Amino acid sequence: MSQGEQTRTARVVVADDQTVVREGIVMLLGLLPGIEVVGSAADGHEAVELVAELAPDVVLMDLRMPRCDGVEATRRIRAEHPGTQVVVLTTFADDDSLFAALRAGARGYLTKDAGGDDIVRAVTSVLSGDAGLSPGVQRRLLERLSETEPPRPAPSEPPDGLTAREQEVLVLIAEGLSNAQIARRLHVSVATVKTHINNLFAKTGIKDRAQAVRYAYAKGLARPPAP
């Protein structure tokens, strides 16, 4: 990571319908390094409007809100303002909430027992192109994928014209490694890893790392962990 990336301040909007919770989150974020709260919203509709007005880097999004819930707000933000990432921060950790949010385009998912370090880590991760998922959410995601995507025999030829190196990167993504960890494993730069990821996403039509994991399992390039 370059010095510019290290010192960059993330501009954040907080969306939560409970005033006390929302103000508490804003106060906490104000104490955290590398984060500037530029606005807060009481529901998903306000969140979408604030994103259009302020163009924040990240929205910390509650799910259960009036008028427009967090899932619909996430879907609209990702469709209309793709430069803004969404990290869900919610009380709910059930599968329906988790997968609805991820399908809508959320790149991070934390429950409200997350600490300040967890929030900073999630915000930093989504801004660098990684997923900002808590360990428990990552584990449940992999378990769900292993239930729904049984491994297939390894292909005799690379799928979708992927190079050997692109397949290596894809397998490491499926193992849950970040861009920096992949770079260390393959002894290349993070920029090179990002180039490989961009190339394999373009060739396969994959849009995010969760889809990349599913693709690797479906093509027999990686095996899901045992439940």
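**Labels and cut-offs**

Mentor: The protein has 11 helices and six strands. Helices (H or I, at least four residues) and strands (E, at least two) are DSSP runs, numbered from the N terminus. This is a predicted model: local features need pLDDT of at least 70, side-chain atom pairs count only at pLDDT 80 or more, and totals for chains, interfaces and linings use all residues. Residues are numbered from 1 along each chain as its sequence is written, and side-chain values use heavy atoms, with hydrogens and water left out.

Trainee: Which residues of helix α3 are called buried?

Mentor: In α3 (residues 44-54) they are Gly44, Ala47, Val48, Leu50 and Val51. Buried means under 20% relative accessible area, exposed over 50%, partly exposed in between (1.4 Å probe, protein chains only).

Trainee: Why are the buried residues of α3 said to line one face?

Mentor: Seen down the axis, they fall within an arc of 165 degrees, so they line one face of α3. The arc is that of the directions from the helix axis to the C-beta atoms. Ala52 and Glu53 are exposed, on the face turned away from the buried side.

Trainee: What covers the buried residues of α3?

Mentor: The cover includes β1 (10-15), β2 (35-41), β3 (58-61) and α4 (70-80). Contact means heavy atoms within 4.5 Å.

Trainee: What makes aspartate 43 a cap of α3?

Mentor: A side-chain oxygen of aspartate 43 lies 3.0 Å from the backbone nitrogen of histidine 45, at the N-terminal end of α3. A polar contact is a pair of N or O atoms within 3.5 Å; within protein, one must be able to donate a hydrogen and the other to accept it, and residues adjacent in sequence count only if both atoms are side-chain atoms.
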